[in-house]
Amino acid sequence: MVEISEIDNDATVDYIVGEWEKKQAEEESQKSAKANKINNGEPELPPQLAEASSKSTDEIMAELNKLPFFMNTLDDNDGEERSEIEALKALAYEGEPDEVAENFKKQGNSSYKGKAWKDAIEFYTKGLSVNCGVKSIDAALYLNRAACNLELKNYRRCINDCKECLLRQPKNVKACYRAARAYFAIEHYHEAMEVLNFAHSIDDKNPAVNSLMKKVQDKIKYTEELKEKRRKKEEEQIKVAQDLEAAIRARGITSIKSSYGTETIGDAKIHLEDPHDIETQLIIPTIVIYPTVNEFDVISEVSELTTPMELMELVMNRPDEYFADGKHDNFRPKKLEAYMETEDGGLVRIPKKSPINSVLMSQTPRVPLFDNILRIYFVPKVDSAEWIKKWKKQDALSKRN
């Protein structure tokens with residue numbers, strides 16, 4: 001009811017009366033709408049639900065979070081609510097130890113079914129911490145925790161849990177199977193086979209065990225074949241190395257270790273044309289050095305029967321522009337001389353038409369390979385005297401190991 005005090009202004013009176021009539025109309029409209037809902041079979045919501053229907057989802061969840069069973073966070077300032085939570089936690093450990101452990105196992109199983117492996121492990125671990133003393137329950141807890149660890153690829157933990165299960169239930173085939181799967185995953189195939197053989201002795205018709213046994217047997221066979229191939233390959237490599245050493249020794253060729261390095265030749269290595277016949281040609285990786293222009297060429301395979309002239313013709317098979325650049329005018333094969341380094345650090349000019357092995361096999365002077373690589377210098381005749389004059393034995397010897 002609207003209380004009307006004395007008003008002097010007629011316009012003001014009219015305004016107040018109009019507002020009162022409008023309010024009365026709104027109330028009548030709301031009553032009519034409510035009556036229509038009831039008549040249409042839509043009951044009026046109870047006060048609590050009517051209040052909830054006007055709230056947002058976030059507001060409703062905030063209210064639910066205040067309830068102990070829904071709570072995600074705990075207000076540190078609310079000591080009373082904290083004590084309620086602690087009381088609820090304590091309920092999980094009420095009852096006989098075997099009942100408590102069984103309850104944790106059920107919670108773990110629910111988490112496992114939802115693929116919440118870590119949560120399941122926590123429940124199974126809590127169940128084990130009860131120490132209920134019932135072997136069947138503890139065995140199941142270990143077995144189920146092993147399954148979670150297997151899913152999480154914690155293979156060592158899985159194996160340990162399976163062992164604990166088998167200590168309590170020695171004929172538990174599932175424990176054997178899960179341990180074998182873990183061993184298989186870490187490629188311990190023989191251990192996996194031992195466990196599976198034991199499981200097979202208990203239940204020889206278990207399809208999972210038999211299927212895994214086939215996989216393990218195939219893996220063992222494959223690894224044994226691989227191991228045999230590796231062994232034969234190693235034996236072959238040893239034999240090849242021995243034959244190569246015998247061939248070099250039979251020729252009286254020496255090789256000196258140096259700081260020149262082998263990086264420039266890549267994977268090229270000295271070898272026999274026929275790896276098992278020491279009388280076949282030696283194939284030698286070669287570095288051709290042009291000291292007067294500070295350049296070099298690498299040839300991965302040069303026969304010991306190759307002559308310096310053949311080598312010159314090979315490396316100088318270049319366009320005319322190369323010889324007309326003002327730097328290589330005297331680098332045509334007929335204008336070049338060949339030199340090699342001696343064992344005592346000096347130089348020796350070698351015949352251009354004699355095979356290289358005749359120089360390497362000569363006793364005087366001794367001309368070695370360096371790191372099993374042939375190093376040969378090609379110098380223009382017009383520059384050779386000056387280059388030889390600058391050669392220092394001591395510098396050459398300092399590069400040897």
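**Exercise 1.** Classify Ser 303 as buried or exposed, and trace its surroundings.

*Solution.* The model is predicted.
- Start with accessibility. The relative accessible area of Ser 303 is 15%. The cut-off for buried is under 20%, so Ser 303 is buried.
- Ser 303 belongs to strand β4, residues 295–303.
- List its contacts. Leaving out residues up to four places away in sequence, Ser 303 touches Gln 281, Leu 282 and Ile 283.
- Check its side chain. It reaches the backbone nitrogen of Leu 305 at 3.1 Å.

**Exercise 2.** Determine how the buried residues of helix α8 are arranged around its axis.

*Solution.* 
- Pick out the buried residues of α8: Cys 158, Ile 159, Asp 161, Cys 162 and Cys 165.
- Look down the axis. The buried residues of α8 fall within an arc of 165 degrees, so they line one face of the helix.
- An α-helix has 3.6 residues a turn, so residues three or four places apart point the same way.
- Find the packing partners. The buried residues pack against α7 (135–151) and α9 (173–185).
- Turn to the face away from the buried side. Arg 156, Arg 157 and Leu 167 are exposed there.

**Exercise 3.** Describe the accessibility and contacts of Phe 198.

*Solution.* 
- Locate Phe 198 in helix α10, residues 189–202.
- Read its accessibility. At 40%, Phe 198 is partly exposed.
- List its contacts. Beyond four places in sequence, Phe 198 touches Pro 170 and Cys 176.
- Compare separations. Phe 198 and Lys 171 are 27 residues apart in sequence, and their C-alpha atoms are 8.8 Å apart.

Technical notes
Residues are numbered from 1 along each chain as its sequence is written. This is a predicted model: local features need pLDDT of at least 70, side-chain atom pairs count only at pLDDT 80 or more; totals for chains, interfaces and linings use all residues. Side-chain values use heavy atoms; hydrogens and water are left out. Helices (H or I, at least four residues) and strands (E, at least two) are DSSP runs, numbered from the N terminus. Buried means under 20% relative accessible area, exposed over 50%, partly exposed in between (1.4 Å probe, protein chains only). A polar contact is a pair of N or O atoms within 3.5 Å; within protein, one must be able to donate a hydrogen and the other to accept it, and residues adjacent in sequence count only if both atoms are side-chain atoms. Contact means heavy atoms within 4.5 Å. The arc is that of the directions from the helix axis to the C-beta atoms.
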